[in-house]
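Please read the following note alongside the sequence and the model.

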Amino acid sequence: MATLTCRQLGKTYKGGQRAVDGIDLTLESGELMVVVGPSGCGKSTFLRLVAGLETISDGELEIGGTLANRLEPAQRGVAMVFQNYALYPHMSVFDNMAYALKLQKRPREEITRRVREAATLLGIEALLERRPRQLSGGQRQRVAMGRAIVREPRVFLFDEPLSNLDAALRVQMRLEIRRLQQRLGASMLYVTHDQVEAMTLADRLVVMRDGRIEQIGTPMSLFETPASCFVARFIGSPAMNLLPVSHSEGCARLPGGLILETDALEAETRADTAANAEAKAPARAATLGVRPEHLRLDPQGEFAVTLEMIERLGVDALAYCRLPGLDTPLTARLPLATLEAAALREGSEIRLGVDGPLHLFDAEERRLARRARLISAATSRIA
Ligand SMILES: Nc1ncnc2c1ncn2[C@@H]1O[C@H](COP(=O)(O)OP(=O)(O)O)[C@@H](O)[C@H]1O
Ligand SMILES: [Mg+2]
């Protein structure tokens, strides 16, 4: 059952700023959907449209099967958790959590029961008499979540709820939110700009760019088949290497002379092939993508590079390399033991092979339905 559906949802602020531009998505019941994207891409505006904190300019919002465009926030059955917690400083934790239920004029016993249940779920029973200023950041965030839980909403909305916490606490709270969501069977829209948080929490991920959806899918499908260079840069850490190539039919060349063979996949449009047959298509600018995890040290490897810098992460190391003729560095994630065994250091000349998929994007940075394969050694120089 769909909990929430958006059809061409849009928001233009007074002054003309188009912050959300035609969002189409469906949140299934019990699904945790993470919305991710750079600062300013419209994530908060999108959540505020769903919550009813901003008016919808165009399109439709349906919550639990009912058109919700004109419903008051309190009637939408959603509860929002904010980055800055937004707790009432002069109220106790209990009163903060009970506030919405008091407004609804629920019986006193029911309020007490629901607040206590939520407090137990979150492990904050001992804090109910305290004021927000007597709590740590993590505890305040739990109270903010508790306040959402007691309302038993159809949809939880989270706007960067962990951004104010330190790194260790962020990891812990991330796990707690996931556990809680599964226990409650809750439907959630969760906004973050942190791609690790996004990858680890999401059932499905929505990547936003300039108010629009750039791509939507499971975290692994976005990692494995990014629809554009934008998604490829955003999902995965460290980011995918993106190298400029010139692409003509069946073949892509790197500035240093390395050649790639590219097989058209079934999915590629016939029109494109026909056009190519008509006139020998000129080489076009394109982008070759390879993930740092998919490069390995290999004396027969196709990429002859200079090792410029090593960052030791513990088990692995990031090797920042320089390809001849290219300004963009090539990053490889290699087992530290391999680097040490080969006694490599900054300045070493090494060869890297590819151990995974290569991605190809067109001049507009959209994914090409072509499989790329390296065919010639880096030593071959083509004019
Ligand atoms: N109340 C507002 N009035 C006008 N423009 C706004 C308002 N709120 C946000 N914006 C603009 O809308 C765009 C999206 O903002 P926002 O939704 O806050 O993005 P995000 O949460 O992804 O950082 C930005 O360009 C921002 O400056
Ligand atoms: Mg925001």
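How do the residues of the shell around ligand 1 divide into nonpolar, polar and charged?

1. This is a predicted model, in which local features need pLDDT of at least 70 and side-chain atom pairs count only at pLDDT 80 or more, while totals for chains, interfaces and linings use all residues. Residues are numbered from 1 along each chain as its sequence is written, and chains are lettered from A and ligands numbered from 1 in the order in which they are written.

2. The shell around ligand 1 holds three nonpolar, eight polar and one charged residue, where Ala, Val, Leu, Ile, Met, Phe, Trp, Tyr, Cys and Pro count as nonpolar, Asp, Glu, Lys and Arg as charged, and the others, Gly among them, as polar. Among the residues surrounding ligand 1 are Y13, Q17, C41 and K43, a residue being near if its C-beta atom, placed from the backbone, lies within 6 Å of the molecule. Helix α1 (residues 43–51) gives the largest share of this shell, three residues.

3. In strand β6 (residues 78–81), V78 and M80 point one way and A79 and V81 the other, and all are buried, that is, with 20 or more other C-beta atoms, placed from the backbone, within 10 Å of their own. Strand β6 pairs with strand β7 (residues 155–159) in the parallel sense over four bridges, pairing requiring that DSSP finds at least two bridges; M80 stands opposite L157 in β7.

4. Overall, the protein has ten helices and 21 strands, these being DSSP runs (H or I, at least four residues, for helices; E, at least two, for strands) numbered from the N terminus. Of its 383 residues, 35% count as buried, and the C-alpha trace spans about 80 × 55 × 40 Å along its principal axes.

Definitions and conventions: A residue is buried if 20 or more other C-beta atoms lie within 10 Å of its own, exposed if 12 or fewer, and partly exposed in between; C-beta atoms are placed from the backbone.
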